[in-house]
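Colleague: I have a model open and would like to learn how to read it. Please take me through it feature by feature.

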Amino acid sequence: MTFPARAWREFPQRYRLEASRCTDCSKVLYPPRVVCPGCGGRSFETVELPRKGKIVTFTVVHVPPSGFAEQVPLPIALVELDNGARIMVQVGDVAEPGELRTGMPVRLEFRRISSDGEAGIICYGHKAVPDRS
Amino acid sequence: MREVAVIGTGLTDFGEVWGKSLRTLWAEAALAALADAGVDELDLITVGCMSPGLFIGQEHLASLVADELGMAGVGAARVESACASGGLALRAGFAEVAAGLADVVLVTGVEKMTDVDGATATYSLGTAADQEWEGFHGITFPGLYAMLARAHMEAHGTTREQLAAVAVKNHANGLLNPHAQYHLRVTMEDVLRSTMVAEPLRLLDCSPITDGAAALVIASVERARELVGDRPLVKITGSGLATDAISLANRGSLTELAAVRLAGERAYRMSGRTPSDIHVAEVHDCFTIAEIMATEALGFFDEGSGGSAVEKGLTALGGRIPVNPSGGLKSKGHPVGATGVAQIAEIVAQLRGEAGQRQVEGARIGLAQNMGGSGGTSVVHILEVA
């Protein structure tokens, strides 16, 4: 279950892909943090993540957790974006999961991720799709 | 720091134990350990349990089980670090005895996982991953290890067959362990044909859902010498605990389990031992790839050669460094909070020379490695027979 306060709190990261850039070492952190794991810095500016990147590693989930049964087989990838930030996302628009490859170029698109039954919150966020441009 | 010894062990049978509740399983293991040690008075009880809140709707577990043992009044605390909760329970008890805060401690681990359906169990285990930023997208535990497996295969040439060889070996060992959940010979073909769970991992790459409990009695070496009689004295000579980023997106490497390496280095340093000194090891094979990566991170094999090591039989009973003679999580079962404690029980049995058909000949120094999440925590202990 996703509760409204939590969904609301995460809108900036989920909907706009807001990240933070450490003003000391320039490392981009997604999601934003209180302390930079790279240099220990505590001062950040808000940046938006780039929408393009490539697959670092991936799997196709066949036995899903609760809430994802209708989406099986469910491809999920760890994607490295063009600025070096990494994000775990579902991969959409793939006719055959077998076409996924490490290193494959992808772009992030705004999609529905899951929903909590008929009356619950519909969770939106970003999915990776193959970037054929 | 005082020296600490393990003077008693107790295990329930592992499996789908529908007829027994968490507290009953726990008390059975605790009573077995107390009987094995020959003690009936305790200074402290530690309880490793990952998620009684999600699995049985019960928190505040330590007091509940202390009372179940007729020992309300004794200090008791639950510790949690996902599937490393059991190893952490030992470390917590070890620290108390080493520091002189306690003389005799009951160290326990327990999990009751079959009071919920499979999807709920998958969700509950998944809470050991970063829920807000990974779980949100539907990734599961097998899914995270599948990503690590793919990275390891692509970086080092680890093969699908080498992953399967871990399952074949551990199920063969489990046939020799009366407490194991599965007494089932598994062939390479069985693994490669089993149901796909998260590509490239299949059902027989995964440890099962298990109910079970394990317990140890530990004591200061002074007190232990009075209690063990003619039996060999098994000392805990090294203890290491380390963390890594839970989220794979924040990991420095996807092909090395850094928390395992760090916890191992700390345990080796404390004991003055090196990887080549270890005669027998229990490692956290929650998935086949996890055993391969753990044996590399612990320094038994170079990074990238853990797969060929298992294929060559180097980790089998009778091999250079037998790994998971108990059958491991894979065959013995994985009641997550109990696992780290059960690993120690196996190492103690090996060092006492009481492991029966799965005895590693001449084992005097053993290591146990317990892991939380997809490597976000690891606990390593080294034990030696005096």
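Colleague: What should I know before I start?

Modeller: This is a predicted model, in which local features need pLDDT of at least 70, side-chain atom pairs count only at pLDDT 80 or more, and totals for chains, interfaces and linings use all residues. Residues are numbered from 1 along each chain as its sequence is written, while chains are lettered from A and ligands numbered from 1 in the order in which they are written.

Colleague: How many helices and strands does chain A have?

Modeller: Elements are DSSP runs, numbered from the N terminus: helices are H or I with at least four residues, strands are E with at least two. Chain A has two helices and eight strands. Read from the N terminus, the order is α-α-β-β-β-β-β-β-β-β. Its C-alpha atoms fill a box of roughly 45 × 35 × 25 Å along the principal axes.

Colleague: Which strands form the open sheet in chain A?

Modeller: In general, strands of a sheet pair through backbone hydrogen bonds, parallel or antiparallel. Here, two strands pair if DSSP finds at least two bridges between them. The open sheet of chain A has the order β2-β1-β3, with antiparallel pairing. β2 (28-29) and β3 (44-48) of chain A are at the edges with a single partner strand each, so one side of each has no neighbour in the sheet. Strand β1 (residues 18-22) of chain A is joined to β2(A) by two bridges. In one of the pairings, A:Ser20 has A:Leu29 of β2(A) as its bridge partner.

Colleague: How many residues of chain B are in contact with chain A?

Modeller: A contact puts two C-beta atoms, placed from the backbone, within 7 Å. By that rule, 28 residues of chain B are in contact with 27 residues of chain A. On the chain B side, α5 (118-126), α6 (141-156) and β5 (196-198) each give two or more residues. α6(B) gives the most, with seven residues. By class, that side has 15 nonpolar, eight polar and five charged residues. Nonpolar covers Ala, Val, Leu, Ile, Met, Phe, Trp, Tyr, Cys and Pro; charged covers Asp, Glu, Lys and Arg; the others, Gly among them, are polar.

Colleague: At what angle do α6(B) and α11(B) cross?

Modeller: Axes are lines fitted to C-alpha atoms, for helices over the stretch in contact, and angles run from 0 to 180 degrees between N-to-C directions. The axes of α6(B) and helix α11 (residues 288-297) of chain B come within 9 Å and cross at roughly 55°. The two helices are therefore oblique to each other. (Under 35 degrees is roughly parallel, over 145 roughly antiparallel, 65 to 115 roughly perpendicular, the rest oblique.) B:Tyr145, B:Leu148, B:Ala149 and B:His152 of α6(B) meet B:Ile289, B:Ala290 and B:Met293 of α11(B). That contact has six nonpolar, one polar and no charged residues.

Colleague: Is B:Leu163 buried or exposed?

Modeller: Count the other C-beta atoms, placed from the backbone, within 10 Å of its own: 20 or more is buried, 12 or fewer exposed, in between partly exposed. B:Leu163 has 27 C-beta neighbours inside 10 Å, so B:Leu163 counts as buried. B:Leu163 sits in helix α7 (residues 160-174) of chain B. Leaving out residues up to four places away in sequence, B:Leu163 touches B:Ala149, B:Asp205, B:Thr288 and B:Ile289.
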